[in-house]
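This report describes the fold of one protein chain and then turns to a few of its parts. The sequence and structure come before the description.

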Amino acid sequence: MLGKTLIGHREHKNVSQEELAAATGLKLFFANDECILSKTEPLSTEVVDLKYYKFYKRILMIAEFDDYIIANTHMSRTSEYGLPEVDVITNALAKYEGKGKPILFMGDLNTRPGFYVDNKLMPLMQCISPRQMAVGEGTYHSEMNAEGQY
């Protein structure tokens with residue numbers, strides 16, 4: 001798996017997914033504002049509506065490859081919307097658990113230590129990157145309170 005390039009990306013005002021795919025030479029699998037870039041075609045893709053959002057549609061994008069499954073999302077900042085999203089995500093990923101492949105879950109989780117995502121979702125997973133990469137000093141998440149306000 002280390003020889004394969006995989007990127008989960010959210011649309012950004014300065015760089016579009018199409019520009020990123022063209023610059024890297026990777027294949028683009030796109031839905032809403034989320035995408036997965038990969039050297040290889042997935043066996044299948046699925047887009048799951050997280051159902052609970054206030055300002056714009058939030059999704060979970062799942063791509064199954066030969067040896068692993070990638071899930072990419074951008075979660076809500078508040079527990080009002082985020083807690084129900086965790087249930088949708090865990091139910092969607094449960095369908096893939098019996099395949100004997102690791103599930104790599106990534107994205108903008110809008111979390112910090114002790115926040116609803118950490119308390120409800122992270123106990124189900126094994127973190128494979130240092131926590132400070134996702135929730136470190138100086139990120140806007142470190143300034144957010146428990147209700148997602150700055």
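## Overall composition

The secondary structure of the protein comprises four helices and seven strands. Read from the N terminus, the elements follow the order β-α-β-β-β-β-β-α-β-α-α. The model is predicted.

Of the 150 residues in the protein, 40% are buried. Among contacts with a separation of 6 or more, 56% join residues 24 or more positions apart. The protein exposes about 8500 Å², and carbon and sulfur atoms supply 52% of that area.

## Confidence

The mean pLDDT of the protein is 75, with 70% of the residues at 70 or more. Among the elements, strand β4 (residues 44-49) has the highest mean pLDDT, 93. The lowest, 46, belongs to helix α4 (residues 131-134). Over residues 132-144 the pLDDT is below 50, and this stretch has 20 contacts in the model beyond near neighbours in sequence. Where pLDDT is low, the predicted coordinates should not be read in detail.

## The sheet

Four strands make up an open sheet, ordered β4-β5-β6-β7, with mixed pairing. The edges are taken by β4 and β7 (103-108). Each of these two has a single partner strand, so one side of each lacks a neighbour in the sheet. On average, neighbouring strands of this sheet are turned by 15° against each other, direction ignored.

The pairing of β4 with β5 is antiparallel and runs over six bridges. V47 stands opposite M61 in β5.

## Helix α2

Helix α2 (residues 79-94) lies across β4, β5, β6 (69-74) and β7, and runs at about 15° to β5. At 1.5 Å a residue, its 16 residues should span 22 Å; the end C-alpha atoms of α2 are 22 Å apart, which agrees with that expectation.

Which residues of α2 are buried? They are S79, Y81, G82, E85, V86, V88, I89, A92 and L93. Of the residues in this list, I89, A92 and L93 are touched by L60, and E85 is touched by R58.

## L60 in strand β5

L60 is found in strand β5 (residues 59-64). L60 has a relative accessible area of 0% and therefore counts as buried, the cut-off being under 20%.

Not counting residues up to four places away in sequence, L60 touches E46, V47, V48, L50, A71, N72, T73, I89, A92, L93 and F105. L60 and E34 lie 26 residues apart in sequence, and their C-alpha atoms are 8.1 Å apart in space.

## R58 in the β4-β5 loop

R58 is placed in the loop between β4 and β5. Is R58 buried or exposed? The relative accessible area of R58 is 10%, so this residue is buried.

With residues up to four places away in sequence left out, R58 touches N32, V48, D49, L50, K51, Y53, H74, M75, S76, E85 and N110. The C-alpha atoms of R58 and T73 are separated by 7.5 Å, while the two residues are 15 apart along the chain.

Conventions
Residues are numbered from 1 along each chain as its sequence is written. This is a predicted model: local features need pLDDT of at least 70, side-chain atom pairs count only at pLDDT 80 or more; totals for chains, interfaces and linings use all residues. Side-chain values use heavy atoms; hydrogens and water are left out. pLDDT is the predictor's confidence in each residue, from 0 to 100. Contact means heavy atoms within 4.5 Å. Buried means under 20% relative accessible area, exposed over 50%, partly exposed in between (1.4 Å probe, protein chains only). Two strands pair if DSSP finds at least two bridges between them. Axes are lines fitted to C-alpha atoms, for helices over the stretch in contact, and angles run from 0 to 180 degrees between N-to-C directions. Accessible areas come from the Shrake-Rupley method with a 1.4 Å probe; for residues, only the protein chains shown count as cover. The expected span of a helix is 1.5 Å times one less than its number of residues.
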